[in-house]
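Hello,

I am handing over the structure we discussed. Please have a look at it alongside the notes below.

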Amino acid sequence: MKLKLAEKLTVVAAATLCSTLAFAADPASCKAVRFADVGWSDIAATTGMASVVLEGLGYKPTVTIASVPITFAGIKSKQIDAFLGYWNPTMTPIIEPFVKAGQIKVLETPNLVGAKYTLAVPAYLYDKGLKTFADIAKFKTELDGKIHGIEPGNDGNLIIQGMLDKNEFGLKGFKMVESSEAGMLAEVQRAGRASKPIVFLGWEPHPMNVQMKMKYLEGGDTSGFGPNYGESKVFTAIPPSYETRCPNVATLLKNLQFTTTIENMVMVDIINKAKPNDAARAYLKKNPGVLDGWLKGVTTLDGKDGLAAVTAALK
């Protein structure tokens, strides 16, 4: 039976609607995407890049600065939608209870491999013989009995305090100095100008690796930092229901893949006082090729071509 023109138009319209629905973007409730940042410049860099992309897609990302424990509690309570900075293995003891209880989901593929996180010293101190975790105690007097960490509640600080409490590597009697990332690095730089001994938390990616002559300590395999100089992978954590509620944003989060080179480049600008989103936008304008993989299968909030929208927004 032949269809009349009006009926044909109705069929075409219905088919078009079905096609649109098949690739429908997230509901309006997903427009606000709430990130957490624990105050590290590498997390600021990755969160900045994700935020710039989401803005180009029509979303409204926001960032809350919080400690690691508060961040995980925020994901549990669905007040935080995504955290791009779960460093494994050092944060594992903190996040594991939430994961086992089904309160946090860790995306399967890491967003960064090849990272490291462990104790470090200036190169001049390494050359004087402080090369391993076991050497720290030998320099107690010169170090004024201090090991410099970062913000309270941080996983690295907890590992250091655990070593002190258990007298691992003969560190009983040492004190851990808590500070912000910027505060710790300022202390390291002051020590460097005077060639004074100092032991501090170091990690890569971070501009410190190129801005300072530093060495990572060996022999920390049995500590919470793990082997190979605290070799780490960085994962994304979300509420377990987020993939179902906001599948389009979740697809982007799964696609995000960074490198130490990418993060170092963005972090240099952040360290030099650029806002994270501005530093991220500058990098993406110069390196738009990274968007191809990130935006595979991702649309704008209203269901349009995601790559085209973000590319246009960056011009």
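**Salt bridges**

The count of salt bridges comes to 9. Keep in mind that this is a predicted model.

One of the salt bridges is between R34 and D81, whose closest N and O atoms are 2.9 Å apart. R34 belongs to strand β1 (residues 32-37) and D81 to the loop between α3 (68-76) and β3 (83-88), so the pair ties together parts that are 47 residues apart in sequence. With a relative accessible area of 28%, R34 is partly exposed, whereas D81, at 2%, is buried.

Another salt bridge joins R281 to E55, with 3.1 Å between the closest N and O atoms. This pair links distant parts of the chain: R281 sits in helix α13 (residues 276-286) and E55 in helix α2 (residues 41-56), 226 residues apart. R281 is partly exposed, with a relative accessible area of 24%, and E55 is partly exposed too, at 35%. The two residues also belong to a network of salt bridges that links E55, D278 and R281.

K254 and E243 form a salt bridge as well, and their closest N and O atoms are 2.6 Å apart. Here K254 is in helix α11 (residues 247-255) and E243 in helix α10 (residues 242-245), 11 residues apart. K254 counts as partly exposed at 42% relative accessibility. E243 has a relative accessible area of 18%, and because buried means under 20%, E243 is classed as buried.

E263 lies in helix α12 (residues 260-271). Apart from neighbours within four places in sequence, E263 is in contact with D42, A45, T46, L112, P205 and F258.

**Strand β8**

How many residues of strand β8 (residues 200-204) are buried? The strand is mostly covered, with 5 of its 5 residues buried. F200, G202 and E204 point one way from β8, while L201 and W203 point the other way, and all are buried. β8 pairs with strand β5 (residues 112-122) in the antiparallel sense, over 5 bridges. Within β8, F200 stands opposite A120.

Regards

Conventions:
Residues numbered from 1 in each chain as written. Predicted model: local features only at pLDDT ≥ 70, side-chain atom pairs only at ≥ 80, totals over all residues. Heavy atoms only, no water. Helix = DSSP H or I, 4+ residues; strand = E, 2+ residues; numbered from the N terminus. Contact = heavy atoms within 4.5 Å. Buried < 20%, exposed > 50% of the residue type's maximum accessible area, 1.4 Å probe, protein only. Pairing = 2+ DSSP bridges. Salt bridge = Lys/Arg side-chain N within 4 Å of Asp/Glu carboxyl O.
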